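Work through the exercises below with the sequence and the 3D structure at hand. Each task is followed by its solution in steps.

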Amino acid sequence: MQEYKLFIDGEWTESSTEDSFDDINPATMEKIASLQIAAIDDVDKAVEAALRGFKIWSETPPPKRAEIIFKAAGILEERKEELARLMTEEMGKVLDETRGDVQEAIDIAVYTAGEGRRLFGETTTSELKDKFCMTVLRPIGVVGMITPWNFPIAIPAWKIMPALVAGNSIVMKPASDTPLLTIKLVEILMEAGLPPGVINLVFGPGQIVGKAIVHHPEIKAISFTGSLETGKWIMSECGKQMKRVSLELGGKNPLIIMDDADLDLALEGVLWSAFGTTGQRCTAASRIIVHEKIKDEFTQRLVEMTEKLKLGDGLMPDIDVGPVINKSQLNKIQKYVEIGKQEGARLLTGGNVVNPGLPGYFFEPTIFTDVDPDMTIAQEEIFGPVLCLITVSSLEEAIEVANNTRYGLSSSIYTKDITSAFKAIEKIDSGITYINAPTIGAEVHLPFGGVKGTGNGFREAGTDAVKEFSDIKAVYFDYSGKLQRAQIDQ
Ligand code: UN1
């Protein structure tokens, strides 16, 4: 079993605490690694290294930065299978999905490498003669990243690659449940030629290490993916220092099924949206809003299909649903199931912790019906395999229910009617809307993020990704040789 120190200034560096924590396979409960916990002093050291790294990296021409990112994409591709297997061991989701997670990291690396020869500013006109106006992008400096466990390599890559191509250096704390894939990603970037100090890794609890990153005055921006509560705290702390912060928080994503939907297609989409990744995606559908005319047939078929899903170790080929990540998530899911029952929702299937012959954290795919849109289980993000069915009688009502949430990340509608589809695009308050497709499956060249409690207006991936990690400078170049006053001289 490997023990990891902190990665500072290109070296594995002993932490100044004596403490470490274990990385555990949530299906088998085997220990797969142990990691040293950083102290505040170690975060300081990481920031000092990142400041030195920033000097070198920000002066490296963007196409050269991009060459390293592109090379890293190639190494990720070569090692895709090995990384996917490691991810299934560390995080639990099935191999097909962990292969997808690694593929998403490859995709963002390839896409972002192209930015090395773009990083476009704008040139524009001036209201005065002999004056040239343009914008240029500048790196921000040292950026702090705090990432979740559900996409152990894709989400770190979404943040790291654009931040790097834009010329920033990084201090990062990956989730304590899944640090290994971030470590592998950083090792691959180093192998591809990233200079020491440009990316530094510290490990440990958010309460200590995450906090130290958020509070460090030399860290000029924070990029965080995680819960709404933590996001709010980070935003208010960053506000005190006038620090830029980009947040990608929770979801309570609705999937609408209209009475004219292709039911076979919708059923497949619901199963994948709700129980893929054991429901542990920000984009998972947790509220199915179904038209009353098809409700009975839909519900009966959905329950049959759900009961056929096979739980177990994601490394095994016939497994559909892996474990949940840890004990506290398991308890949280169980707690919400109890709340659902108490509030009067009807449990159709699931609802229990189970043991599919393994000691890990398994929870049955669970469906509640007769769910009122205001019930706790229809309002709070459970982040597990728990689905609420809500019945409606019209598109207007469906959209109203869809919007009755504090979140706004993903959404979907199944319909054959183009008017209903366009109404959904126009009226659902979310950062992403799918038509006749699941709520999960965002591609890296489109912006990812949401409205309301899901975020603070930033978008990851797509063309906006480099903007998350850049400052825009407006440049006025006056070649008239005389004083020209904007708004005054005509
Ligand atoms: C997340 O759930 O935090 O669209 C990210 C998707 C994936 C990314 C999900 N490509 O579900």
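Domain bounds here come from an automatic or database domain assignment. The model is predicted.

**Exercise 1. State which residues belong to domain 1 and which to domain 2, and describe the contact between them.**

Step 1. The assignment gives 2-249 + 455-474 as domain 1 and 253-435 as domain 2.

Step 2. Taken over C-alpha atoms, the centres of domain 1 and domain 2 are 31 Å apart. To the contact, domain 1 brings 23 residues and domain 2 brings 28 residues.

Step 3. The size of an interface is often given as the accessible area lost when the parts come together. For domain 1 and domain 2 the buried area is about 2,100 Å², with 65% of it on carbon and sulfur atoms.

Step 4. On the side of domain 1, the residues that lose the most area to domain 2 are Ala27, Glu97 and Trp149. Together they account for 24% of what that side buries.

**Exercise 2. Find the salt bridge across the interface of domain 1 and domain 2, and describe the side of domain 1 that touches domain 2.**

Step 1. The rule finds one salt bridge across this interface.

Step 2. Compare the residue numbers with the domain bounds: domain 1 includes 2-249, and domain 2 is 253-435. The salt bridge of Arg281 and Glu97 has an N to O distance of 3.8 Å. The cut-off is 4 Å.

Step 3. Polar contacts between domain 1 and domain 2 come to six residue pairs, counting those with both residues at pLDDT 80 or more.

Step 4. Helices α3 (80-91) and α4 (95-115) each supply at least two residues of the side of domain 1 that touches domain 2. The most comes from α3, which gives five residues.

Step 5. By residue class, that side of domain 1 holds 10 nonpolar, five polar and eight charged residues.

**Exercise 3. For the salt bridge of Glu81 with Arg99, give the distance and say which helices are tied together.**

Step 1. Side chains of opposite charge can pair when their charged atoms come close. In the pair of Glu81 and Arg99 the closest N and O atoms are 2.8 Å apart.

Step 2. Glu81 has a relative accessible area of 33% and is partly exposed. Arg99, at 27%, is partly exposed too.

**Exercise 4. Decide whether each partner in the salt bridge of Glu187 with Lys184 is buried or partly exposed.**

Step 1. The closest N and O atoms of Glu187 and Lys184 are 3.8 Å apart.

Step 2. Both residues lie in helix α6 (residues 180-191); because they are three residues apart there, about one helical turn separates Glu187 from Lys184.

Step 3. Buried means under 20% relative accessible area. Lys184 has 15% relative accessibility, so Lys184 counts as buried. Glu187 has 29% and counts as partly exposed.

Step 4. Elsewhere, salt bridges with shared partners join Glu81, Arg85, Asp96 and Arg99 into one network.

**Exercise 5. Classify the partners in the salt bridge of Glu14 with Lys5, and give the count of salt bridges.**

Step 1. The closest N and O atoms of Glu14 and Lys5 are 3.4 Å apart.

Step 2. Glu14 is partly exposed at 49% relative accessibility, and Lys5 is partly exposed with a relative accessible area of 31%.

Step 3. By the rule, the count is 28 salt bridges.

Note on methods
Residues are numbered from 1 along each chain as its sequence is written. This is a predicted model: local features need pLDDT of at least 70, side-chain atom pairs count only at pLDDT 80 or more; totals for chains, interfaces and linings use all residues. Side-chain values use heavy atoms; hydrogens and water are left out. Contact means heavy atoms within 4.5 Å. Buried area is the accessible area (1.4 Å probe) that two parts lose on being put together, summed over both. A salt bridge is a side-chain nitrogen of Lys or Arg within 4 Å of a carboxyl oxygen of Asp or Glu. A polar contact is a pair of N or O atoms within 3.5 Å; within protein, one must be able to donate a hydrogen and the other to accept it, and residues adjacent in sequence count only if both atoms are side-chain atoms. Helices (H or I, at least four residues) and strands (E, at least two) are DSSP runs, numbered from the N terminus. Ala, Val, Leu, Ile, Met, Phe, Trp, Tyr, Cys and Pro count as nonpolar, Asp, Glu, Lys and Arg as charged, and the others, Gly among them, as polar. Buried means under 20% relative accessible area, exposed over 50%, partly exposed in between (1.4 Å probe, protein chains only).
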